[in-house]
Amino acid sequence: MSDELATTDTTEGEAVSADGEYKMSVTAQIDEVGPCKKHVTVTVPRADIDHFYSESVSELGGQATVPGFRVGHVPRKLVEKRFRQELSDQVKQRILMESLELVAEDNDLDPINEPTIDVETLQIPEEGEFKFEFEVEVRPDFKLPEYKGLKLERPVRTIEDQDVDQYLNRFLGQYGEMEERKGAAEKEDLLELSIKFEHDGKTLSEINEIVVPLRPVFRLQDAELKDFDKLMDGVKAGETREAEIEISEEAEQIEMRGEKAHAIFTIKSVKFIQIPEINEELLEKVGAKSEEELREEVKNILERQVTYEQRQSTRSQVLGKITESADWDLPESLVSKQVENALRREILEMQQAGFSRQDIQARENEIRQQAISSTRQALKEHFVLDKIASTEELEVQPNEVDMEIYYMAMQQGESPRRVRARLVKSGMIENLEAQLRERKAVDVILDKAEYKEVDMDPPQENQISAIARSVCSTFSATTGEEEAGEA
């Protein structure tokens with residue numbers, strides 16, 4: 001700042017709002033530069049710069065410690081000279097912060113992300129006005145579709161004793177002992193194996209050790225192998241099986257999309273799980289007082305899964321209807337950023353409904369293989385539901401979050417405190433809250449809908465072995481499981 005600027009005073013009371021707070025006189029030119037993207041040019045008048053500079057000098061002068069002067073009695077000129085850089089940084093920070101808030105408020109900008117401003121390169125001029133530019137992604141502006149009185153089909157199913165038996169058998173498998181299979185592998189046996197993926201004679205990636213259940217489909221994050229059970233028919237420890245596997249058209253590695261890789265499976269061992277008997281020790285482990293209570297809890301989980309399936313079916317119908325008119329485009333950068341977000345939300349819903357880690361991993365891999373197209377649709381659904389939630393003034397209460405965490409903890413055999421800590425650490429607690437708010441918006445629609453009940457398809461046996469690995473890249477896991485062998 002120049003000495004000339006330093007001696008410029010702002011007349012007290014000038015450009016002051018009715019409540020006594022200083023109100024800037026910035027102007028903004030806003031241009032559309034793409035789907036949901038604005039280019040903003042902000043002009044800050046000299047009077048605003050002078051005001052904040054004078055204010056900062058006064059504040060710093062009242063706090064500065066300078067040898068030979070008492071605190072609060074340092075001459076203004078000396079403060080300006082000695083703390084030149086500090087004053088410049090402070091004025092710039094305050095101008096940017098307050099002008100951005102004012103521009104957003106006066107122009108009804110509703111940003112999705114932080115604006116792209118390179119603060120370090122911006123310099124406040126010594127004379128004249130200050131201009132800066134930035135781009136920002138904003139929420140799409142659209143007319144809310146009619147969402148009350150929709151006609152929907154609702155699938156229904158009654159939980160039978162045999163359903164409880166089947167789920168309980170899988171659930172108890174978590175507490176069973178693994179034993180060596182002496183003969184050929186059988187369905188649902190656990191294959192401990194290593195895998196090498198090759199393309200044009202070169203190694204793409206290797207998995208040194210993984211455990212997968214023997215099922216019809218083997219699914220990775222960027223590819224899947226059908227007839228995996230046939231490939232491994234009669235396999236024994238020490239044997240090798242080979243197959244071609246096609247990489248997803250939406251794989252992260254663009255150059256590998258649609259390509260075929262050669263997979264070499266080396267079987268290290270074949271094991272099966274000996275299901276434990278239900279006794280006092282086991283009941284204590286699972287937190288149940290009796291076998292009847294355990295079966296009742298399992299039934300509750302299955303009923304939550306039916307509710308989940310009903311919700312997914314009716315939600316799909318609802319979202320299809322309310323996004324029919326959502327013909328607005330979304331920026332590619334926003335879609336890419338939200339791929340992981342959309343994935344986390346679906347995983348949370350499945351965890352809350354009590355699905356196994358294998359089921360969740362299989363769904364995660366399926367989503368990753370269709371990430372871009374599915375996320376684009378999910379984003380449109382999110383914006384519509386978010387607007388409905390705002391219109392209906394829907395909010396998520398802390399006890400509602402606590403209840404969801406409790407159910408997730410029960411399914412995973414952990415304490416609610418530990419599940420919450422993991423959600424907070426991974427950033428998924430915000431996804432949980434947003435997902436609950438969207439669920440409330442869907443519930444408003446469902447409460448006002450007209451239903452026709454139809455039979456729900458019976459539950460299918462687990463068909464998919466899924467692992468948190470990719471053919472083309474190194475290990476990454478959203479669900480946090482390295483092994484696929486956990487039920």
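How many helices and strands are there in the chain? There are 14 helices and 13 strands, where helices (H or I, at least four residues) and strands (E, at least two) are DSSP runs numbered from the N terminus. This is a predicted model, so local features need pLDDT of at least 70 and side-chain atom pairs count only at pLDDT 80 or more, while totals for chains, interfaces and linings use all residues. Residues are numbered from 1 along each chain as its sequence is written, and side-chain values use heavy atoms, with hydrogens and water left out.

On to the chain as a whole. Of its 487 residues, 44% count as buried; buried means under 20% relative accessible area, exposed means over 50%, and partly exposed is in between (1.4 Å probe, protein chains only). The chain exposes about 26500 Å², with carbon and sulfur atoms supplying 44% of that area. Accessible areas come from the Shrake-Rupley method with a 1.4 Å probe, and for residues only the protein chains shown count as cover. Contact means heavy atoms within 4.5 Å. Among contacts with a separation of 6 or more, 74% come from residues 24 or more positions apart.

Next, the sheets. Strands β1, β2 and β3 form an open sheet in that order, with antiparallel pairing; two strands pair if DSSP finds at least two bridges between them. The edges are taken by β1 (27–34) and β3 (130–137), each with a single partner strand, so one side of each is left without a neighbour in the sheet. From one strand to the next, the twist averages 20°. Strand β2 (residues 37–44) is joined to β1 by 7 bridges and runs antiparallel to it, and Glu32 stands opposite Lys38 in β2. Helix α4 (residues 84–106) lies across β1, β2 and β3, running at about 55° to β3. Axes here are lines fitted to C-alpha atoms, for helices over the stretch in contact, and angles run from 0 to 180 degrees between N-to-C directions.

The loop between α4 and β3 holds a couple of residues worth a look. Asp108 lies in this loop and has a positive phi of about 55° although it is not a glycine. Most residues other than glycine have a negative phi. Asp108 is exposed, with a relative accessible area of 70%. Glu120 also has its place in the loop between α4 and β3 and is exposed at 66% relative accessible area. Glu120 and Asp89 are 31 residues apart in sequence, yet their C-alpha atoms are 9.5 Å apart in space. Elsewhere, Asp200 in the loop between β6 (190–199) and β7 (202–213) has a positive phi too, near 55°, and counts as exposed at 68% relative accessibility.

Another open sheet of 3 strands has the order β9-β8-β13 and mixed pairing. Its edge strands are β9 (224–225) and β13 (464–466), each of which pairs on one side only. Strand β8 (residues 217–219) pairs with β13 in the parallel sense over 3 bridges, and Arg219 stands opposite Ala466 in β13. Strand β11 (residues 260–274) runs antiparallel to β10, and 7 bridges join the two. The bridge partner of Arg241 in β11 is Phe265.

Finally, helix α14 (residues 428–447) has its axis within 5 Å of that of helix α13 (residues 416–426), with a crossing of roughly 100°. The two are therefore roughly perpendicular to each other; angles under 35 degrees count as roughly parallel, over 145 as roughly antiparallel, 65 to 115 as roughly perpendicular and the rest as oblique. Arg420, Leu423, Val424 and Ser426 of α13 make the contact with Met428, Ile429 and Leu432 of α14. By class, this contact has 5 nonpolar, 1 polar and 1 charged residues. Ala, Val, Leu, Ile, Met, Phe, Trp, Tyr, Cys and Pro count as nonpolar, Asp, Glu, Lys and Arg as charged, and the others, Gly among them, as polar. Helix α8 (residues 291–322) and α14 have axes that come within 11 Å and cross at roughly 80°, so α8 and α14 are also roughly perpendicular to each other. Here Arg311, Thr314, Arg315, Val318 and Ile322 in α8 meet Glu438, Arg439, Val442, Asp443, Ile445 and Leu446 in α14. The contact of α8 with α14 has 5 nonpolar, 1 polar and 5 charged residues.
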